[in-house]
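Dear colleague,

I am passing on the structure below, followed by some notes on what was found in it. Please read the notes with the structure open beside them.

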Amino acid sequence: MGIVVTIAMLFGLVVLRPTPWRADAAAQADLRFVVFTAGALLLAGLWNALWHGLRNLDSFWGLAALFSGVVMVLAAVIIFLERGEPAVADSTWVGSIRSMVVWVLAACFLLYAVTLIQLNLGYPIIS
């Protein structure tokens, strides 16, 4: 499931990416991809936080799952709100936390991706 969660985070970063050199790129993204990404983020985030995270609060990966799951759900909500009403999303709480959510999602993605690489290469991981 870690691979699925990591891929969902990557897709979320692709949709939420800051593109100062091409501001129109986010607006031109295919709606099906955006909805699929937001749905995948929401489902994987809920699974990560509620199923794995809350059941393993005594371990590092349980806490990481809870934290990253909450961030993934927030990212999904931001994507849904921005696609619905972009002007409203910018002027509310969404606009104020968007960049923080993107940075934290990127950090969670890096943690998961590096750990998956370490597991596949047989190196020890954080436990």
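Along the sequence the protein follows the pattern α-α-α-α-α-α, with six helices and zero strands, where helices (H or I, at least four residues) and strands (E, at least two) are DSSP runs numbered from the N terminus. The model is predicted, so that local features need pLDDT of at least 70 and side-chain atom pairs count only at pLDDT 80 or more, while totals for chains, interfaces and linings use all residues. Residues are numbered from 1 along each chain as its sequence is written, and side-chain values use heavy atoms, with hydrogens and water left out.

Of the 127 residues, 33% count as buried, meaning under 20% relative accessible area with a 1.4 Å probe and protein chains only.

The largest nonpolar core has 27 residues, and M9, L16, M72, I79 and L105 have the most contacts inside it; such a core is a set of buried Ala, Val, Leu, Ile, Met, Phe, Trp, Tyr and Cys residues joined through side-chain atoms within 4.5 Å. Two or more residues each are given to this core by α1 (2-16), α3 (31-55), α4 and α6, and the largest share, nine residues, comes from α4. Leaving aside residues up to four places away in sequence, M72 touches V5, A8, M9, L41, A44, G45, N48 and L105, a contact being heavy atoms within 4.5 Å.

Residues 24 or more positions apart account for 68% of the contacts with a separation of 6 or more.

Best regards

Notes. Buried means under 20% relative accessible area, exposed over 50%, partly exposed in between (1.4 Å probe, protein chains only).
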